[in-house]
Amino acid sequence: MNTQPLLNRRTMLAAAGVGVLGATLAACSGSSSDPGKAKEPEAPVVDITFTPALDADDPNPTTDFSVKVSNGVLNPDVKLVNPRGRAVAGKLSDDRTTFTVSEPLGYGTKYTWSGSATGTDRKTKNIEGSFTTLAPKSQLNVVVNIGDGQEVGIAAPIILKFDGTVEDKAAVERALTVTTTPRTEGSWAWLGEDNGSRVHWRTKNYYKPGTKVHMSAKLYGLDHGEGAYGAADVTSDFTIGRAQVVNAEASSHQIVVVRGGETLMTLPSSYGGGDLDRNVTRSGIHVVSEKYEDFYMSNPAAGYFNVRERYAVRISNNGEFIHANPETVGVQGSSNVTNGCINLSLENAQRYFETAIYGDPVEVTGTRIALSEADGDIYDWTFDWSAWKGMSAIDGEARDTTARATPSGAPTPDATTPAPR
């Protein structure tokens, strides 16, 4: 006799229903996942920032260029390279979060970042990207008149001569600094165009002997106006020498060379004092600019060409020199008969020549025509201090003048003239 309980139809269907439901749930659970698909890896947490941004307009090459990370550190392989593959100088910060470029870049050049960074999650991310620097419409070069280590006279101006026109003179002037020890008052002034712009720095009064001077022109990367940028920075470090002044009173027919307030020599001379304006020695503060043991002078208006003169010290660009002239020795000390120069005997010219240096003032007085910008180049001391400062593009207005550094018709050396000594 079978003693197992009988299962009625409802119990069987219920049991069957549980089985079906379980199978159904299992099937739904299996369809929500894909055993054949790998899990997506998480991105590195390190964040990289470029300055300037890689998608910014072409940056100025003097901009501060850097790459910086957060949530991680830069690895030692980070660098910026130029098109030739050379790494640009730069420095990694002590905490390794910032790499900063430490040298100016070139104009119109493509640079590429490379290297890597590691995040706090120990995952590495590549540093990559490139940019191209600003390409100027043109570049302006500049030359400074006083070289490093030079010793000059107490009236020497600093002259910056550009090889093109500076349209934004105020911007350029703001990039110019002069530091003197001891402190000396001075100002920049823009003079006439001479195949390019020129700006001079002159002191209010003569320098004190021994003054140390540092001039800095931060012109590279600077817009000079009209799309012209500075080609390079320029500096000059020089010293002011002894205080030597030539007192040149034309009616005395002599020059007196004074050094440190004491008379060094008194020399008989002859000035230009003729009826023709071109033969008159100009009155005013001249500045010694160069000197030659031998100088071949030409003055077509006076009718002479390539005449050898000895111990010639140039005091202006209109052809005025202090030099030897044996032909006027008979009247030196008593009459003014020259074509504008100051004549001395051969022996006296050599004596003076050996004492003169660039920047010495020669104070000419007693003639009927004053030194002016028409006489070219260094006529800086013809302006009083107020007028000089008024020629600054910042403190005043840059003057609109076309006076050239060397006047037309001024005596010049021929091709055989040796370099200044």
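Visitor: Why is Arg 310 called partly exposed?

Guide: In this predicted model, Arg 310 has a relative accessibility of 22%. Buried means under 20% relative accessible area, exposed over 50%, and partly exposed in between, with a 1.4 Å probe and protein chains only; Arg 310 therefore counts as partly exposed. Residues are numbered from 1 along each chain as its sequence is written, and side-chain values use heavy atoms, with hydrogens and water left out. Local features need pLDDT of at least 70, side-chain atom pairs count only at pLDDT 80 or more, and totals for chains, interfaces and linings use all residues.

Visitor: What makes Asp 294 buried?

Guide: Its relative accessible area is 17%, and the limit for buried is under 20%.

Visitor: How do you know that Asp 294 and Arg 310 meet in a salt bridge?

Guide: The N to O distance between their side chains is 3.0 Å. A salt bridge requires a side-chain nitrogen of Lys or Arg within 4 Å of a carboxyl oxygen of Asp or Glu, so the pair qualifies. Asp 294 lies in strand β25 and Arg 310 in strand β26, 16 residues apart; strands are DSSP runs of E, at least two residues, numbered from the N terminus. Shared partners join Asp 294, Arg 308 and Arg 310 into one network.

Visitor: Why is the contact of Arg 314 with Glu 290 called a salt bridge?

Guide: Their side chains meet at 2.6 Å, N to O, which is within 4 Å. Arg 314 lies in β26 and Glu 290 in β25, so the pair ties together parts 24 residues apart in sequence. Arg 314 is buried at 6%, whereas Glu 290 is partly exposed at 21%.

Definitions and conventions: Helix = DSSP H or I, 4+ residues; strand = E, 2+ residues; numbered from the N terminus.
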